[in-house]
Amino acid sequence: MRRVTLVLAVAVIVFLVLAALAPDLLAPGNPLAIHPLQSFRGPSFAHPFGTDESGRDIYTRIVHGTGASLLIGLAATAIGVGLALVFGLLAGLGPRWLDFGTTRFLEVLFAFPGLLFALLFIVIYGPGVVTSTVAVGLATAPGYARIIRSQVLVVRRAPYLEAALVLGRGPAHRLFRHLLPNVAGSLFVLVTLGIGQSIVWASSLSYLGLGAVPPAAEWGAMLSAGRTYISSFWWMTFFPGLFIVLSAISTTVLGRGIQQRGRLS
Amino acid sequence: MTSLVSVRNLSVTFGRAEVVAGVSFDIEAGACTAIVGESGSGKSVTARSLLGLTGGAVRAAELRFDQTDLLTASPRRLQRLRGRDIGFVSQGALVALDPLRPVGREIADSLRLHTASTAVERSKRVIELLGEAGVPQPALRASQRPGELSGGLRQRAIIASAIALRPRLLIADEPTTALDTTVQAGILELIERLRDQGTAILLISHDLAVVSRLASQVLVMKEGRVVESGSSARLIDAPQHPYTRRLLNAVPTDRPRFDRLTEAPAVPAAEVTPDVVLSASGLSRQFGDLQAVDDVSFRLRRGRTLGIVGESGSGKTTVARLTLALERPDAGSVSLLGEPWSELAETSRRPRRPRIGAIYQDALSSFDPRLTVGRILRDSLGTPRRDYLAVAELLRSVGLSPSLAARRPRLLSGGQQQRVAIARAIAPRPDVLICDEPVSSLDVSVQAQVLDLLDDLQRSLGLSYLFITHDLGVVRHMSDDLIVMRAGRVVEAGPTEDVFRNPADEYTRKLIAAAPRIEAVS
Amino acid sequence: MALPVAAAPRSSVARRWLPWLLLRLGGVVFVLWAVATVTFFAIRLIPGDPAEAILGGPGSQASAAALAKARADFGLDQPLPLQYLHYLGRLAVGDLGQSYALRQPVITVIGQNLGGTLLLAAVSLVVAAAIALGLAAWSAWGGPGASAVSSVLEVVAAAVPHFWLAISLILLFSTTLDWLPPVSIPGAAGLILPVLTLAIPLAGFLGQVMRESILDAMASPFVLAARARGEGSNGVFWRHALRHAAIPAIGLAGWAFGALISGAVVVETIFARPGIGRSLLSAVQQRDVPLVVGVVIVVALGYMLVTTLTDLADRLVDPRLRAR
C-alpha cells in the first residue's frame, strides 16, 4: 500500500515536472487561443477538462500553467525555509540571550496564525503574484524556524557531538561535519512537505482574488476566473483545483516517504 | 502430581521466521524454572506463549496451564487467566508502567479486571500490595507517576501489580536488567519469597548467575531451540553442551584478573614502565543542590586499570566527565601524563585530546548516524587520504571483519557497535581510555568477548583504563585498583583484591554480598 | 533516581501553579503588545496618504479640506509617537477605532460577526476530532491494512485546499443530489457543508498525529504489561493509548485555531456566511486598515487564549511537565 502510493506520487511529480519544463509535449495547443464559439463546453473527448468563457481549452491551460504554479510554490517555500534557516540557526547555535530573543520573536509571529500574516502583508503591499508568494513564504517561516531550532538543539546535545569533542575535533569540524549535515537531512524533508502546502496556500489567496490574476494560465488565476461561473460551469474551477490537490498530495507522500526511509535505514 | 504448566514441542513463527522451535518444559507449583539465552534466542517469546501474547503463530503438541489447554482456549478465557492466574513482570522496569497514570491505578487495574470490588477497597489493597512488595511509603507512592519513582521502586510496583490476585504462576522476564546491584538483590529476594510461598516462577534471563540462585530447573536456549536443560545443579556442575559451558565461562563474577572469559587465548603482554599517566586530586562538582562529586582523588598507572564502582547517583559518571574535561570541576584538578589538563583552555587542550579516549554504555548514539563504520574510523585515524588499509587493520584489531566498513553502525549488533567504538577510541593511540559502563547493556556472553578484547588491547598497547561500572563482578575481573563511590564520595579505595577480601566499609560489604554469583540450589 | 518530591504538602499546589500562571499571563500581555506594535508600524508602510484611504482611496479626488478633516478626525495630524501612545491607550480599554469602509466602530463589527465564526469553528473542531479519532481507532483495531488506508485518507484530507473541497461538496450535495443548500442559510442544514469543509482537512492533520502516537502506545511495553494483567483491547485503547494520543493533539491546538480562522475566511466567502473571516477578506480587499488591524488583534488574543489553555491541559494530562 505504502509503496503503491509512493509510486503514484512519483508518477504525478514526473508528470508535473515534464509539464513545467516542456508543456508543448503534453498539450500542443496554445493556452491563450480564444475560440468564442466553443465557450463553456463541458468535459468531452475534444476538451477533456472542458473550455472556459473564451473557449480556451482548460487541459492545455492547466498544463501550460504548471510551471508558473510550481514556481510560486517553490519560491514561497524557499523564502519561508530560507528565513527559517536564519532564525532557527541563530536560536539553536547562538548564545542563550539570542535564543531567548529569537524564540520570543517567533512567539509573536505565531500569534498571527495561518493566513492572517499573509493577509496583513497583502493589505500593506497590495494584491498580486509577487506579494502573495512572499506573503505565503513569510507566513510559513515561523513554523519552519521552530522545527529547525529544535532539530539543531537535538543534534547539539547528541552524544556523537560530544564524542567528536573527546576525539579532539575543533568547533568548525563539529559544526560543518556533524551538526549541519544532520540538520540538513530533516530540512530536505521539510522542503518537500512545504512545497505542496505553499501551492495550496498561494492558490487559496489567488482564489480569494489576492494573488495571480487572469488571464494568466496559472492554476490560482484560473480558479479566480472560474469563481464567477462556479454554479453553472463547475469544470472551470474543479480541474485546476484537482491539480493543486494532486501536487500537494504527491509532494506530501514523497516527503513522508523520505522521512520514513531516514528513520529505517 | 501433575505439573502446573506443561509445554511440549512448542514452536512460534512470525511470518516465515521460526523464532521458537521444539521447546518442551514443565513448571511445578512452588518451584522456579528458568530460561537462559542471549537476546534473540526466543526466550521471551516462549514465556509470552503462556499468556497468548506472542503476536505470532503458536503451535505445540501440548500447551497447558493447570486444567486449561492454552491452544484451544477462547480469547476471553485467556484474558481471564492473565493477571488472575498468571502474573507477568515484563522486561524493562523503566518502561513497563504507563508514564501518564499513577502507579497505584495500574495495580488497581488488576483488581478491577478480575474481582468485584469498590474503588475504596481497591486503593486500600493497592497500598497493602505495595507494602508487601517492599515499597516504602506505599500510600504516597501509589499516587505518584512512574517518572517520580526510582527503577527499583518501579519494578517493585510492577511485581505488586502482577501478584495482586495471588497468581499461581509468575512470569518474570529479565526482572533485574538495568537495575543497581543492591536493588537487583532485593528484587530477586522478593521473587524468592513468592516462590517459597507457593507461587510457581518462570524466570527469564541472559545471566546464568541471576537464575542459578532461584531456579531448580534451567533451560538454555539458542536460536529458538533448547540446547540443554536439566536441574540447575547438574547444569552448573556438569554442563554437557559447549554453548552452556561458554555461557558459564562468560560470567565474570569471582574470576581473577586475566582469567579468560572466552575460549580465545590471551595475547602476550608488552613491556611498559608503570609511570602515572592520569591523576586527580580533590575533584568536586555541584549541580544545583546536588553535590555530585565530593573530594575525589585517584592515580592511574600505565598499563593498569583503575575501577570505579558505584550505584546510580554515586557520581561515577560525573568523575568520568570531569576526567575527560567535559565538565569543569568546582575544586580540584586532573593532570594527564604529568601535565595540567582540567584547568587548560579547550583550545590548548585540543591538541592533547588524542592522548585520552573514551567508550560509553550506549555506543550507537556516539556515532554520527549519517556515517558508515569506515568513515567513522577514517575520521578518527586523522588520515586525510582514503586509507582503507588502516581502517581494515583497525577493524581486525578489534576482532571485526574489514567488510563491515561499508555498513552503518545501527545495522550492527550491540557487541559489534561497542567494538567499533573501541576501534575509534584506540585509533589515535591514546595512553588512557575512559570506559563508562562499556558492557552494561550487553548480554553476558557478548560482554565476555568485549571484556577479553579490552584485556588484549591493554596488554598489546600498554593502555591504561579508568573503568566505571555498577557491576561488582565485572569490576573485580577487570581492575587492579578499585574505588567504591557512594553519593559523590569515595567510601573505600585500594588494590581490588584487598577491597574484595577485606572490605573495610559497611556499604562495600553490602555491595559485595549483593552481587549475583553462580550458586546451585540444592 | 528517586526525586525528593516525597512528602510535599497539598498546599504547595498553589505554589507550584502560581508562578507558572503569572509567567503565562506576562507572556500573553507581552505578545499582545508586540502584535499591536508590529501592526501599528506595519500599516505605516502602506504607500500613500492614510487620509486618502479613509475617503475611498486615491481615486476619490477628495478635496484638501476633506482630507484635513479626515486627518484631524482620525488623529493623523499628531506626531507618530503620540499616535502610537494613543493607539495603545485605546487598545487597553478595548477601543479598536473606526472602520473606514463601514463607518462603524471596529469592535461593533467584530462583535456582530464573531459569534457565527466561533460556532462554525467549534462545531468543525468537534467533527474533525471525531473523524480523526475514528480513523485512529480503526487503525488500532483493524491491523496494518486499516492503518495504511487511513494513512492515505489522512494525507489526502490534509492536502485538500478548503476552496476546492467546498466546491466539490457543493457540486455533489447541492448541484447533483440537491440535499443541502449551496449557501449557508440559518439553521443546522446550512451549517453542514461549511463544517465539513473546515473539518475534513483538520481531521487529516489531527488523524496523522493521533494515529502515529496511538500505534506507538499500542506497541509499547506498558501496553504489553496491561494486556498481561488481563486488560482487553477496549481497556488498552481507552485507558492507555488515547491518553498518549491526546498529548500531540493538544499540542496542535494553537495551530488548529489558526487553520480554522484561515479556513473560515475561505469558507464564509464561498458559502456567503456572515462571520469574522468574510469581514476580514472584504476589509483586506477594501484596504480597511482599522478593521484588518482589529481582527488581527482579536485573533491574536484568541490564539494566546488557546495556547494558554492547551498548556494548562498539557500539564494536567502529562504530570511529567509539572516537574520542570
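Helix H5 of chain C passes helix H12 of chain C in a right-handed crossing. A crossing is right-handed if the near helix is turned clockwise from the far one by less than a right angle, and left-handed if anticlockwise. Before I go on: this is a predicted model, in which local features need pLDDT of at least 70, side-chain atom pairs count only at pLDDT 80 or more, and totals for chains, interfaces and linings use all residues. Residues are numbered from 1 along each chain as its sequence is written, and chains are lettered from A and ligands numbered from 1 in the order in which they are written.

Back to the pair in chain C. H5(C) covers residues 106–159 and H12(C) residues 289–317; their axes come within 9 Å and cross at roughly 55 degrees. Axes here are lines fitted to C-alpha atoms, for helices over the stretch in contact, with angles from 0 to 180 degrees between N-to-C directions. H5(C) and H12(C) are therefore oblique to each other; under 35 degrees would be roughly parallel, over 145 roughly antiparallel, 65 to 115 roughly perpendicular, and the rest is oblique. On the H5(C) side are Val106(C), Ile107(C), Val109(C) and Ile110(C), which meet residues of H12(C) including Leu291(C) and Gly294(C). The contact has eight nonpolar, one polar and no charged residues. Contact means C-beta atoms, placed from the backbone, within 7 Å.

Now chain B. Helix H10 (242–250) and helix H16 (444–461) of chain B have axes that come within 8 Å and cross at roughly 60 degrees. That makes H10(B) oblique to H16(B), and their crossing is left-handed. Among the residues making the contact are Arg246(B) from H10(B) and Gln447(B) from H16(B).

Next, the sheet. Which order do the six strands of the open sheet in chain B take? They run S17-S18-S19-S14-S20-S21, with mixed pairing. Strands pair if DSSP finds at least two bridges between them. S17(B) and S21(B) stand at the edges with a single partner strand each, so one side of each has no neighbour in the sheet. Inside the sheet, S14(B) and S19(B) pair in the parallel sense over five bridges, and Leu306(B) stands opposite Leu466(B) in S19(B).

Last, the two chains together. 25 residues of chain C are in contact with 29 residues of chain B. Helix H8(C) gives the largest share of the chain C side, seven residues. That side divides into 14 nonpolar, five polar and six charged residues. Ala, Val, Leu, Ile, Met, Phe, Trp, Tyr, Cys and Pro count as nonpolar, Asp, Glu, Lys and Arg as charged, and the others, Gly among them, as polar. Helices (H or I, at least four residues) and strands (E, at least two) are DSSP runs numbered from the N terminus.

Notes. Contact = placed C-beta atoms within 7 Å.
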